[in-house]
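The entries below follow the order in which I looked.

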Amino acid sequence: MIVDVDEVLGLFMEGFGAFVSEHGYELRLDRFALFQNLFRPGATEHLELSEGRRLFDDFFSTRCHEMEPAPGAVEALRRLRPHAEILILSNAPAQAERLRGQWLARHGLPEALILSSGPKGPITAGLVAQSAGPTAFVDDLLSNLDSVAEHAPGTATFQHVADLRLRPLAPRSDRHRRIDDWAELGAAIEAVVRAG
């Protein structure tokens, strides 16, 4: 099983929103996007992308270990551990590795952490090629889910959006099961990995 962190295992938008607020900006969840939701107070146009990127990088350098886990995620992974090898695949900047590892350890998630960038299909294909049994992949972004479906077509793909405010904004696809409750998602993943 390969699982994402932000908006899957952790409440990224909540944590990032608190961070940008402390720096005098607003995170308005008007769309399923990141930088286009960042504003100066009272502004009608979102921040320049370069400014949003700077805040994003600063968050991952200093505060990404302070976000809360997604409800039910830690318990679901604990229940899955006897049935599946769990790898955590996060598209986070390299400077986040130490803090992200601390966050995982603090919440009882000792699984291997792999940081990457770009579409997750190629790296997932390489990882699942090392497994003899059924595999599952969980992410919030359709682009990553589509990439995995293309490069590792035997892998069951699941979409999960942790933040309640983002769920109605997140696009869906019939290609991937969308399960936003971790208890239900954990059971669905267990059914996949035990099928082999």
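Entry 1, a term. Before listing residues that meet, I noted that contact means heavy atoms within 4.5 Å. I also noted that the model is predicted.

Two packed helices are described by the angle between their axes and the distance between the axes. Helix α3 covers residues 73–80 and helix α7 covers residues 182–194. Their angle is about 20 degrees, and their axes are 9 Å apart. Angles under 35 degrees count as roughly parallel, so α3 is roughly parallel to α7. I also wrote down that the crossing of α3 past α7 is right-handed.

At what angle do α1 and α2 pack? I read about 105 degrees, with the axes 10 Å apart. The range from 65 to 115 degrees counts as roughly perpendicular, so α1 is roughly perpendicular to α2. From α1, the residues in contact are Phe12, Gly15, Phe16, Phe19 and Val20. From α2, they are Leu55, Phe56, Asp58, Phe59, Phe60 and Thr62. By class, I noted eight nonpolar, two polar and one charged residues in the contact of α1 with α2.

I noted a space of about 480 Å³ in the largest pocket. Its lining has 20 residues, and Phe12, Leu34, Phe56, Asp140 and Leu141 are the closest to its centre. Which of the elements gives the most to it? I found that α2 does, with three residues. Phe12 and Phe56 had already come up where α1 meets α2. By class, the lining of the largest pocket has 10 nonpolar, three polar and seven charged residues.

I read a volume of about 260 Å³ for the second largest pocket. How many residues line it? I found 14, and Met1, Glu85, Leu87, Ser131 and Thr135 lie nearest its centre. By class, this lining has eight nonpolar, five polar and one charged residues.

Notes. Residues numbered from 1 in each chain as written. Predicted model: local features only at pLDDT ≥ 70, side-chain atom pairs only at ≥ 80, totals over all residues. Heavy atoms only, no water. Axes fitted to C-alpha atoms, helices over the stretch in contact; angles between N-to-C directions. Helix = DSSP H or I, 4+ residues; strand = E, 2+ residues; numbered from the N terminus. Parallel < 35°, antiparallel > 145°, perpendicular 65-115°, else oblique. Left-handed = near helix turned anticlockwise from the far one by under 90°. 1 Å grid on protein atoms, 1.4 Å probe; cavity = no way out; pocket = protein on both sides within 12 Å on 5 of 7 lines; lining within 4 Å. Points joined across faces, edges and corners; volume = space filled by probe spheres on them. Nonpolar A, V, L, I, M, F, W, Y, C, P; charged D, E, K, R; others polar.
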